Amino acid sequence: WNAIFVDHKVLFIMVDIQEGLAFVGGLSLRQKIHFLSYESLKVCQKKQISVCSVKSRRLFHLCASMEKVIETEPVIESSLEVDADSRKYPIHFGKNLLSDSKLLGSCVRGHKAIIVTNTTVGPLYLGRVKSALESAGKAVTVVELPDGEEYKTIDSLSAVWDACMEFRLDRKSVLFALGGGVIGDISGFAASAFVRGIDFVQLPTTLLAVVDSAVGGKTAINHPQGKNMIGAFYQPTAVIVDTLALETLDDRQYAAGVAEVIKYGLICDAEFFEYLESNMERLMKRDPEVLGYAMKISCQRKADVVAADEKESGIRAILNLGHTFGHAIEAHQGYGNWLHGEAVAAGMVMAAEMSCRLGWIDRSLVARTEALLVRASLPVVPPPNMGIEAFMRYMSVDKKVESGVLKLVLLKSLGEAIVTSDFDKEILYDTIMLYQQRFKENPGRYMVQSVHSEKEQAVR
């Protein structure tokens with residue numbers, strides 16, 4: 001057993017005793033880590049101190065990250081601006097921003113704030129955000145939801161509204177969304193409707209949330225028949241990216257975010273796609289220079305598209321490359337079994353394949369897309385249990401269906417995407433059936449291409 005002490009707050013991590021004893025030899029006093037006896041842990045549990053379980057092989061990475069948090073003063077390193085029709089707001093990047101009392105406090109016009117987080121992120125970062133806001137003189141309450149896409153439901157949304165009512169929030173109160181895409185989407189939707197709209201601030205802790213869901217104002221919950229079918233366009237007042245938070249992100253969640261990064265190269269920035277081809281290994285190793293550049297370019301491309309079309313009446317829909325296929329995968333497999341980025345990765349390959357079959361792109365671009373996603377440890381084929389009927393069941397209720405006509409985001413070239421219904425349905429069916437045929441021909445190889453990069457529970 002061990003504990004990490006940060007500003008007198010304690011986070012307990014459960015590890016295998018033998019691995020823990022082997023690990024302790026590498027600790028330094030600067031990491032402020034002390035192994036506790038089982039009896040000490042029981043005493044702390046009686047005092048209702050939260051306990052968090054983490055895979056022991058990720059323990060050193062987590063401890064190194066916590067050491068940086070202890071020693072790093074909050075600093076905004078760079079900022080972008082989103083210029084949407086309904087609201088302009090900043091995206092701030094920096095280290096230890098979740099502890100920045102001045103920055104977080106400046107986001108609250110009134111006296112009260114509510115933090116919405118989940119049971120995975122909460123033990124890691126909630127204390128820092130809450131303390132920062134309280135140091136700024138704000139009254140704070142917390143909603144901690146279960147972790148996972150399967151909890152992106154009306155029940156979770158109602159739990160947030162219940163807390164808003166109980167804490168008597170008003171129109172000058174602020175909702176802080178501390179977590180990944182699920183928390184951001186639920187929180188934004190809750191904020192959009194409570195007293196007809198209160199401010200909310202995105203505090204993304206996953207790469208996918210940073211480069212995609214936290215920016216642009218799409219908020220929603222899932223319905224059993226379709227993903228993100230119930231929601232609203234509602235822009236945050238700020239997006240605050242604490243880059244240190246990404247260091248506790250597990251490899252599978254990190255890879256899921258990289259899928260959305262690759263998307264921007266495919267749909268609107270050929271030069272960026274080529275940069276990723278040259279730097280994918282460095283990106284997957286979380287090289288600070290490459291990761292920082294990838295996040296900023298992705299957010300800038302998203303901001304540019306949102307500024308041109310906030311409510312997706314036209315060009316914004318290109319941001320959904322691979323998503324119509326991907327949402328069908330998520331819904332069919334059960335929300336949470338495939339991460340959003342994993343499903344989008346397979347969906348982007350399917351969209352590229354269909355674009356090639358329509359004669360719009362060369363076969364070589366399909367191969368390059370698939371190869372780059374493989375280097376990012378992402379699936380490049382859909383689940384083998386999904387045929388035409390399964391895909392069409394969910395795609396027929398996609399948000400891009402208008403008057404019964406399905407629209408897809410496809411590629412005209414590298415860096416150029418279009419939204420169109422101008423395609424022969426037989427080509428769509430043939431594209432789906434291609435993967436069924438590949439599975440029949442070589443099921444072993446197919447499963448390697450569809451497997452997730454990790455099966456462990458994510459630390460988001």
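Which residue forms a salt bridge with Glu77, and how far apart are the closest N and O atoms? The partner is Lys95, and those closest N and O atoms sit 3.0 Å from one another. Keep in mind that you're looking at a predicted model, so every distance here comes from predicted coordinates. As background, side chains of opposite charge can pair when their charged atoms come close. Glu77 belongs to strand 5 and Lys95 to strand 6, with 18 residues separating the two, so this pair links distant parts of the chain. Across the whole structure, the count of salt bridges comes to 22.

Let's stay with those two strands for a moment. Strand 5 and strand 6 make a hairpin, and four residues lie between them. The two strands run antiparallel and are joined by eight bridges. If you want a spot to check on screen, find Glu81, which stands opposite Pro90 in strand 6.

Seven strands make up an open sheet with mixed pairing, and reading across it gives the order 5-6-13-10-9-7-8. Its edges are strand 5 (75–83) and strand 8 (139–145), each of which pairs on one side only. Ignoring direction, neighbouring strands in this sheet are turned by 20 degrees against each other on average.

Helix 7 (residues 181–193) touches strand 7 (112–118), strand 8, strand 9 and strand 10, and its direction makes about 170 degrees with that of strand 9. Helix 11 (residues 288–308) also packs on the sheet, where it touches strand 5 and strand 6 (88–95). The direction of helix 11 makes about 25 degrees with that of strand 5.

There's another hairpin to visit, this one made by strand 14 and strand 15 with two residues between them. Strand 14 (residues 408–413) pairs with strand 15 (residues 416–420) in the antiparallel sense over five bridges. Leu408 stands opposite Thr420 in strand 15. In the turn, Gly415 has a positive phi of about 90 degrees.

Sorted by type, the lining of the largest cavity has six nonpolar, four polar and three charged residues. Which elements supply at least two residues each to that lining? They are strand 12 (226–233), helix 12 (323–333) and helix 15 (388–395). Helix 12 gives the most, with four residues.

Definitions and conventions
Residues numbered from 1 in each chain as written. Predicted model: local features only at pLDDT ≥ 70, side-chain atom pairs only at ≥ 80, totals over all residues. Heavy atoms only, no water. Nonpolar A, V, L, I, M, F, W, Y, C, P; charged D, E, K, R; others polar. Pairing = 2+ DSSP bridges. Axes fitted to C-alpha atoms, helices over the stretch in contact; angles between N-to-C directions. Contact = heavy atoms within 4.5 Å. Salt bridge = Lys/Arg side-chain N within 4 Å of Asp/Glu carboxyl O.
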